[in-house]
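Trainee: I would like to learn how to read a structure like this one. Where should I start?

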Amino acid sequence: MSIFDFTQTPPALSRDWKVFQQFVGNIGAFTYIAKEKAAYLDTAACHMLGCPSEKINEFEFFNLLEMISKNPVEGQKHIYKYTDGNVTRYIKMNIYESSDEWLGFVQDFTRQISEFNDRQAFVEYDPITRLPSYPSFSQKIKKILPDVQHACLATIYINGIDKLGSYLTVDNTNSCITSVAEALKSFASDTLIIGSKSNYEICVFFREYDKMSIYNILNSMDEAVQNCILTDDFGEIIDISDKSHISLSIGCASYPEEASDFNMLVNFSEFALFEARTDKRSVINWFSEENYIREKDSYRNAQTFSRIVQENLLTYYLQPIVETQTGEIVAYEALMRTVGDIKMAPKQILKIGEAQNNLYAIEKLTFFNTMKLLSDNQQIFEKRKLFINCLPNHLLTDEDFNELYLTYGELLEKTVIEIVEESAATAKGIETLKKRCGFAHTKLAIDDYGTGYSNSSNLLHYSPDYIKIDRSLISDIHNDLKKQQLVTSVIEFCHENQLQSLAEGVETVQELKTVIRLGVDLVQGYYTSKPKPLFLNSISADIKDEIIKTNLESRPDGVKKIFAAQNDTEIDLLKLALEKYTDIHVYQSKLTIVGDPDKPVKMNISIMDNHSCELTLKNVNMISGNSKPTIAVGEYARLVLNVVKNNKLSYSGIYVPMGSQFVLNGKGNLSIDCYASEGIGIGNDYDHGYGDITIDFGGTLEIVSNSVESLCIGGGYNDDDSDINLVSGKLKLFMYSHNGLGIGSFNGDANIDIGENCDLDMNISGIKIAGIGSCKGISTISSSANINMSCTGAQAVGIGVLEDGEGSIYIKQGKINMKMRSGKNSCIGAIKGSINTKIKNADITIDSEGDEVTGIGDALGTGNVTIIDSQVSMIVNAGNPKDIGTESGDVQIQNSNVSSLVNNKRTTYANN
C-alpha cells in the first residue's frame, strides 16, 4: 500500500492510505525526501505533532524528530513523551529510512500509557525491602500530617550496598538489602512509620518525638544495621566482612518548624542527607536553612544525578565516523545525553559524578545502554562499529563485565572502546582493559590525542587500534603549518604501525580537505554530520562528493601503483583511484571500466604489447596522472574501444604507435581534452609513426587540443602505410596551436578515408596549420562526408598539403562548408605542391580571405582539378587570389555549376 503519491507536486496522500485511516484511525504518516531537503506530513501527523504546515524544511524536520525522541518511555519500545505547548501526548513513532527517502508513522498512545501507569501507580509493599512502597508511605504520611503537632522525616541511605554487586550475585545482594530492611523494620510502631524509597534509601517518619529521642533511635538504627547478620532466603549467612561495610547516612528535617508540607519535608531531609554523604561529618545531619540557600544548586544537581542513575535517564546521540576515501559511514560514536525534563550536559554529569564519587554508575549505564542500542539495531552494524566512551579509572567490575559479555557476547566485536582520559590511568587499569579487549575481540581507541593525558606515553601503554586526533590540532589546520606537521607525524606513525588515524572535530570544508590530503583515515565532526538521535545511513551527498573529489585530486607525485587487469570482467575506476592506484595494465581480451562523469580520476590505461583487447568505457572521466597519454596502445597491439554514455580523457589522449591498431566503436560519447605541450588526440606525436586508426561509432567524438604542437588524429610519420578511416560518427575537432594538423600525417604519406556516415566539424587556428592531410609530403585523401571547417592562421590548408606536397584529393560526395582566414592559404589543394583534386557529386561552399589565397587547387604549384556533377560556390578576397586551378595544371568541369566571387567580381565557369 502506497502512502504518498509522488507523481503530484507536492506529494499527496494516496487513496489507499485515506481508506486505511478511516478503519484504523489515530495514525499519521510523514515522509522525508533528501533531494528536496523537505518533509511532508499528513493531516493526522500534523495534528498529533502540532505542526502548522504539512510541509516543513529539513532543519525543522530534524528538530521535530529530536523533540519527539528525547523523552523515551521506559520499558516501551518506540514510544515517547512529547509536549507541544500545554499539551502532552505519548507518541509511538517508527521510521523506515533509505539514503534518499524516509517513511515514518506516528500513533497517539496517550490513553494506553495512561491506563498502564494507573495500573502501576500503586504498589503496597516493595518486593526487596518488604517495607511499604514509597507511594504507599507518602500517601499515609500526607493523610496524617495535618493532624500532627510535631514531626520529623529522616531519609536514610544504606552505605556499602552499592559495592555488593561487584562480587555478589543479584539474589544475594537483594538478600542483604532485605536483611538491613528487617533490622530497621524492628523499630517501627504506630508513631514511627518506615517506608522504602529505593533499594538504597529508607524513609522514617517520627510522629511527636523530641529531637533527642530521634537522635537516640537513629543511632540505634545505625548500630543495628552495622551489627545485623546478612542472610539469604534459606537462612545461610552472607559474609561480606572482607569486602564491604554496611552503615547509615541520615538526613533529618522537622515539621512544621522547617518544612510546612510533605513535599518540602522530603526535599529538606534529602538535602540534609546530601550534606551528610558529601561531607561525611556525622551519621546524622539536620537540615540547615543557611546551608540550603548556599548549596541548593549543588544539591539539586546531586538530586538530578541521583535520579539519572536510579531511573537510567540517559540516551545517546549517534555521530557518524566517516571513511576519508569513499565518504562512507564506517562507525558511530555514542554520545551521552539526558532524557525527559533533565537538561544536563555530559561534562556536567561527569563533574557531578566525580564529586559524588559515583562515576562508576555512569560507566556501567553507558556500557549496558549502548550495547542494548547496538543489539536493537544489529542490521545497522553489519559492516560498522560503535565507539563507546570509557573511563579507565572506573572500569566495570569483573562481575558486571561478565554479565555484559554473557548478555551480548559476539556483539562486543562490533565495538571500539574509546578511552576518555579524565586522569592518568593506573597500570592495573590499563592491563585489565587490554585483557578484556583481547578476550572480547573489541578494538581500542585513544580519545583527544595531543592534549592532557592522551599523550605519547599512554599511546605506548594502551597499544590502541585507533588514535583520535584532538580538535585543538584540527581547528584551522589549513592555516597552520605547525599543526599540519604535527598531525602528519601522528598519521605517519599510525600507518607505520597499522593503526587507524581519526581527525575529530572537523567543522569546515577547509579542515576536511587538509586532513584528507595529509592522509588521515577517518573523520568525525559537525561538518560531516552532527550528532543525531538516530542512525544516519549516509552523510550528505554533497559532502560525500567533496570527500571523493578531494581524494581524486590528491595523487602523490612520483608514486606509481599498478593494477594488472588479467581476469576481471568489470573495474570500478573510482574504487581503484581511492585505493591509490595510478595505472591500469590490461592483459586480457575483454574488459569494462566504469566511472563517474562528475568525478575526474587521475589514471593511465595501457594495453600491453602484443595484446588485443575490447575495452568498454562507461561514464569514465580520466586525467593522465603523468606526462604520458591517458590511454596507450602497446607495440603491435590492438584496441577496440567501445564508449557507453559520456566519457572524457584529459591532459593527453590515446597513443597509437606504428604497427598497432585502434578502433573506436559504441553509441556513447568521447571527449578528449589535450593540453600537454604536445597535444595528441588519437595517434602519435610529430616525431613518430602511428598505427591504423578507425572511427566507426554512433556517438560524438570531440577533441580539443591547446598546445604548442597539436595533432588531433594521426601522427608524425606513416612509414608503415597505416590508414586513417573515419567511417561513421560525429566528429568535432578544436585545435589552437603554433603548428597543428587536424587529421593526417604531419610529414606525409597520409592515407585518409572519410565515409559518408561521418559528420566532421573542425575549428582550427595557429601559425602553420592543416585541416585534413599533411603539413608536408604526400597525402592521399578521399571523403564522402559532410565537412564544416573554419581555419585561421598565418599559413593554412583546409584539405590537402601545407607545403611542397604531392598526392591526390577525391571528394566523392557530401557537403563541404569551408571558411579560411589566413595570410597564405589553399582551401582544397596545396601551397607550392603537386596535388590532383577531383570533386564529384558534392556541394562545396568556400569563403576565403588573405594575402595569397587559392580556393580549389594550388596557385603556385601543379596538378589537375576536376569537378563533376557538383555545385561549387566560392568567395575569395585577397591581394593575390586564385579561385580554381593550379599554375600549370588542367581544370575540367563537367555537368557542374561552378561560380566564384573574387574581390567582388563574379565568375561563372562553363562546362568543358
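Trainee: Which residues in the largest nonpolar core touch the most other members?

Mentor: Keep in mind that this is a predicted model. The core has 91 residues, and Ile584, Leu701, Ile772 and Ile799 touch the most other members. Strand β40, residues 750–783, supplies the largest share of this core, 10 residues.

Trainee: What is Ile799 in contact with, leaving aside its neighbours within four places in sequence?

Mentor: Its partners include Ile772, Ile781, Met789, Cys827 and Gly829. Another core, of 88 residues, lies apart from the largest one; Leu365, Ile380, Leu395 and Ala440 are among its members.

Trainee: How do I read a helix, and which residues of α9 are buried?

Mentor: An α-helix has 3.6 residues a turn, so residues three or four places apart point the same way. Helix α9 covers residues 262–279 and reaches 26 Å from its first C-alpha to its last, close to the 26 Å expected. Its buried residues include Phe262, Leu265, Phe268 and Glu275. The buried residues of α9 pack against α5, β9, β11, β12, β13 and α10.

Trainee: What caps the N-terminal end of α9?

Mentor: Asp261 does, with a side-chain oxygen 3.3 Å from the backbone nitrogen of Asn263.

Trainee: And a strand: which residues of β25 are on the covered face, and which on the uncovered one?

Mentor: Leu591 and Ile593 form the covered face, while Lys590, Thr592 and Val594 form the uncovered one. Strand β25 pairs with β23 in the parallel sense over three bridges, with Asp572 opposite Val594. Five bridges join β25 to β28, also running parallel, and here Leu591 stands opposite Leu615.

Methods: Residues numbered from 1 in each chain as written. Predicted model: local features only at pLDDT ≥ 70, side-chain atom pairs only at ≥ 80, totals over all residues. Heavy atoms only, no water. Helix = DSSP H or I, 4+ residues; strand = E, 2+ residues; numbered from the N terminus. Expected span 1.5 Å × (residues − 1). Buried < 20%, exposed > 50% of the residue type's maximum accessible area, 1.4 Å probe, protein only. Contact = heavy atoms within 4.5 Å. Polar contact = N/O pair within 3.5 Å; in protein donor to acceptor, adjacent residues only side chain to side chain. Core = buried A, V, L, I, M, F, W, Y, C linked by side-chain atoms within 4.5 Å. Pairing = 2+ DSSP bridges.
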